[in-house]
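Please walk through this protein model with me, from the overall fold down to single side chains.

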Amino acid sequence: MAKRRKKIHYIYKITHTKSGKFYLGMHSTFNMDDEYMGSGKLIVASVKKYGAEKHTKEILAYAKSRSGLVKLEAEMVTEEIVCDKLCLNMKKGGHGGFAGEKHKKKFQAAGRRKRKFNQKKRRIKKRIATRKAKKRKV
């Protein structure tokens, strides 16, 4: 029988080394070396702009379960922390990426619209390419 691996749940802090701006988040993983650097909009933009090497990541706390992790993040990422000028978190912790079910559905619908638009765009480009190829043959 295969050995079942335990998921690791932790709270982390990512800090931009030059500006001191920071992001607090939670992550659950089987692999501590997965190079996860957060999923918040502002931290993702910071890592993309300056590179992961300009950021440090420290683990602040571990939790036994995902639900415990959510509670821990809610306790750590407070309104006071979010209002800090150096904080890259956009809202209080304990909610994950969406503010609620309505917020989540809005983003899912936007993603569907974007996929449909991209599919339509690809079909049009293909038609244009086919027409150009036919003109070249004549």
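The paragraphs below go from the whole chain to selected residues.

This is a predicted model, so local features need pLDDT of at least 70 and side-chain atom pairs count only at pLDDT 80 or more, while totals for chains, interfaces and linings use all residues. Residues are numbered from 1 along each chain as its sequence is written, and side-chain values use heavy atoms, with hydrogens and water left out.

Start with the fold. The protein has 4 helices and 3 strands. Helices (H or I, at least four residues) and strands (E, at least two) are DSSP runs, numbered from the N terminus. Along the sequence the pattern reads β-β-α-β-α-α-α. Contact here means heavy atoms within 4.5 Å. Among contacts with a separation of 6 or more, 54% join residues 24 or more positions apart.

Next, the surface. Accessible areas come from the Shrake-Rupley method with a 1.4 Å probe; for residues, only the protein chains shown count as cover. The total is about 11,000 Å², and carbon and sulfur atoms hold 55% of that. Buried means under 20% relative accessible area, exposed over 50%, and partly exposed in between (1.4 Å probe, protein chains only). By that scale, 25% of the 138 residues are buried.

Strand S1 covers residues 8–16, and histidine 16 belongs to it. Histidine 16 is buried, at 6% relative accessibility. Its side chain makes a polar contact of 2.9 Å with the side chain of serine 19. A polar contact is a pair of N or O atoms within 3.5 Å; within protein, one must be able to donate a hydrogen and the other to accept it, and residues adjacent in sequence count only if both atoms are side-chain atoms. Beyond its neighbours within four places in sequence, histidine 16 touches Lys21, Ser46, Tyr50, Lys54 and His55.

Now look at the loop between strand S2 (22–29) and helix H1 (41–50), where glutamate 35 sits. Most residues other than glycine have a negative phi. Glutamate 35, not a glycine, has a positive phi of about 60°. Glutamate 35 is also exposed, with 71% relative accessibility.

Strand S3 spans residues 55–63 and includes isoleucine 59. Isoleucine 59 is partly exposed, at 34%. Together with Met32 and Tyr62, Ile59 makes a nonpolar surface patch of about 270 Å². Patches are made of residues with over 30% relative accessible area and no salt bridge: like charges are joined within 9 Å, nonpolar side chains (Val, Leu, Ile, Met, Phe, Trp, Tyr) within 5 Å. A salt bridge is a side-chain nitrogen of Lys or Arg within 4 Å of a carboxyl oxygen of Asp or Glu.

Helix H3 (residues 79–83) holds valine 82. Valine 82 is buried, with a relative accessible area of 15%. Leaving out residues up to four places away in sequence, valine 82 touches Val77, Cys87, Asn89, Met90, Lys91 and Lys92. Valine 82 and leucine 24 are 58 residues apart in sequence, and their C-alpha atoms are 9.5 Å apart.

That leaves the cysteines. How many disulfides are there? The count is 0, where a disulfide is a pair of cysteine sulfur atoms within 2.5 Å. Cysteine 83 is exposed at 55% relative accessible area, whereas cysteine 87 is buried at 9%.
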